[in-house]
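Student: I would like to learn how to read a protein model step by step. Could we go through some features together, with the general idea placed before the case wherever there is one?

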Amino acid sequence: MLQKKYLHLYVALLVFSLSPALSFAQARAKMVVGYASMSSVATTLWVAQEKGFFAKNGIDVQSVFIPGSPTLIASINTGDVHMAYTGGTATLGAAVGGLDMRIIAAFANFIQTDLVARPEIKTAADMKGKRIGVTSIGGTGWMSAMLALEQIGLSPERDKISLASFGDQRVISQALETGTIQGGALAGVFSRRLKRSGYNFLGEVEKIPLVGTSLVVKADFLTSHAPIVRNAVRAMVEGHGFVLNPANKASVIEIMSKKLGVTDPVAANDGYDDYVRRTDRRAFVIVDGLKNIQRFMKLRNPKIGDINLDRLVDESILRELEKSGFLDQALGGKSASR
């Protein structure tokens with residue numbers, strides 16, 4: 001993780017390097033949206049930007065990849081990033097650290113990654129003493145792996161399983177293939193290809209509630225910039241509807257492949273199908289997914305058990321969009337791109 005004193009400069013440089021034309025969009029409100037996982041779980045965000053839904057809703061958005069959810073949350077606290085596309089694990093971690101955060105929409109409420117093991121790892125017992133790759137310690141991928149291990153009866157401490165941070169699922173996939181690690185938490189665009197090559201999936205992780213990719217903002221930003229946040233949610237919902245519409249599959253796969261550098265059309269198709277199957281259509285938070293995180297994290301930090309989960313969630317914008325009929329219209333695939 002970056003040293004705190006360098007965090008502001010790091011994020012500012014990232015935004016500057018990715019946004020050479022930022023100053024030319026004077027008519028639109030500017031917003032920086034950070035995401036922490038370079039995998040197919042960011043598809044809705046990418047589509048909302050690439051297909052012009054943010055621009056349509058009057059926002060000039062720069063999406064910035066910031067490896068590691070804890071670092072992403074820290075960048076929100078500095079003000080370099082206005083909105084995070086991250087999970088409940090990092091949000092609870094931020095809350096216990098004193099940040100007043102709000103989850104305003106959740107596009108995943110169950111685990112989105114598979115616990116992939118090398119071909120020689122065939123049972124849960126074979127994973128004892130081994131090394132598992134995740135995007136970051138304390139992020140959604142880490143929690144996914146921890147909950148998966150719990151489901152198959154393993155404990156990292158008791159069974160001497162180490163979890164290592166790699167920052168990028170592409171790197172995790174490569175590390176698995178070279179044998180640097182024996183397991184990894186990977187989304188379908190990477191995991192399905194490995195499964196076809198003889199790698200194994202441990203557990204039935206899709207059944208485990210976990211608030212994953214969500215829109216997260218600071219409470220004071222939500223209050224002071226309500227119209228901008230509302231328009232950002234509208235853009236994301238429209239982007240999500242575009243993703244879920246089967247007629248747009250080829251276009252979505254093209255965006256996903258470009259962002260991830262995927263050249264294998266079978267892997268790209270796997271990634272799309274896996275994302276659509278696991279994503280939450282209406283984006284309301286399933287609180288059991290937060291309770292699961294809280295239950296697990298409080299074993300390591302008892303103060304997390306005192307967090308009021310209802311206070312972390314603000315679905316007022318989604319409820320407003322639902323009441324107006326916008327939510328059903330957008331998620332029915334009726335909204336159009338730019």
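Student: Which residue lies over the face of Phe326, and at what distance from the ring centre?

Tutor: Please keep in mind that this is a predicted model. The residue over the face of the Phe326 ring is Arg234, and the distance from the ring centre is 4.0 Å.

Student: How should I read a pair of aromatic rings, and how many aromatic pairs are there here?

Tutor: A pair of aromatic rings is described by two values, the distance of the centres and the angle of the planes. In this model the count comes to 4 aromatic pairs. One of them is formed by Tyr35 and Trp46, whose centres are 5.9 Å apart and whose planes stand at 80 degrees, which makes the pair edge-to-face. Since planes over 60 degrees apart count as edge-to-face, you can check that label yourself.

Student: Where do Tyr35 and Trp46 lie, and what does their pair tie together?

Tutor: Tyr35 belongs to strand β1 and Trp46 to helix α2, which covers residues 43-50, so the pair ties together parts that are 11 residues apart in sequence. Ring pairs also bring in Phe65, so that Tyr35, Trp46 and Phe65 are linked into a cluster.

Student: Are Tyr35 and Trp46 buried or exposed?

Tutor: Tyr35 counts as buried, because its relative accessibility is 5%, and Trp46 is buried as well, with a relative accessible area of 0%. The cut-off behind this reasoning is that buried means under 20% relative accessible area.

Student: Now that β1 has come up, in what order do the strands of its sheet stand?

Tutor: The order is β2-β1-β3-β10-β4, and these 5 strands form an open sheet with mixed pairing. The edges are taken by β2 (59-65) and β4 (101-106), each of which has a single partner strand, so one side of each is left without a neighbour in the sheet. On average, and with direction ignored, neighbouring strands of this sheet are turned by 25 degrees against each other.

Student: In which sense do β1 and β2 pair, and which residue of β2 is the bridge partner of Tyr35?

Tutor: Strand β1, residues 29-35, pairs with β2 in the parallel sense over 7 bridges.

Student: How do I read the packing of two helices, and what is the angle between α6 and α13?

Tutor: Two packed helices are described by the angle between their axes and by the distance between the axes. Helix α6 (residues 140-151) and helix α13 (residues 287-297) pack at about 80 degrees, with their axes 11 Å apart. That angle makes α6 roughly perpendicular to α13. Among the residues that make the contact are Met143 and Leu147 of α6, together with Ile293 and Phe296 of α13.

Student: What is the general rule for phi, and which value does phi of Lys160 have?

Tutor: Most residues other than glycine have a negative phi. Phi of Lys160, however, is positive, near 55 degrees, and Ala283 also has a positive phi, near 70 degrees.

Student: Where do Lys160 and Ala283 lie, and is each of them buried or exposed?

Tutor: Lys160 is found in the loop between α6 and β7, and at 64% relative accessibility Lys160 counts as exposed. Ala283 lies in the loop between α12 (265-278) and α13, and with a relative accessible area of 1% Ala283 is buried.

Note on methods. Residues numbered from 1 in each chain as written. Predicted model: local features only at pLDDT ≥ 70, side-chain atom pairs only at ≥ 80, totals over all residues. Heavy atoms only, no water. Pairing = 2+ DSSP bridges. Helix = DSSP H or I, 4+ residues; strand = E, 2+ residues; numbered from the N terminus. Axes fitted to C-alpha atoms, helices over the stretch in contact; angles between N-to-C directions. Phe/Tyr/Trp six-rings, centres within 6.5 Å; stacked < 30°, edge-to-face > 60°. Buried < 20%, exposed > 50% of the residue type's maximum accessible area, 1.4 Å probe, protein only. Lys NZ or Arg CZ within 6 Å of the ring centre and 35° of its normal. Parallel < 35°, antiparallel > 145°, perpendicular 65-115°, else oblique. Contact = heavy atoms within 4.5 Å.
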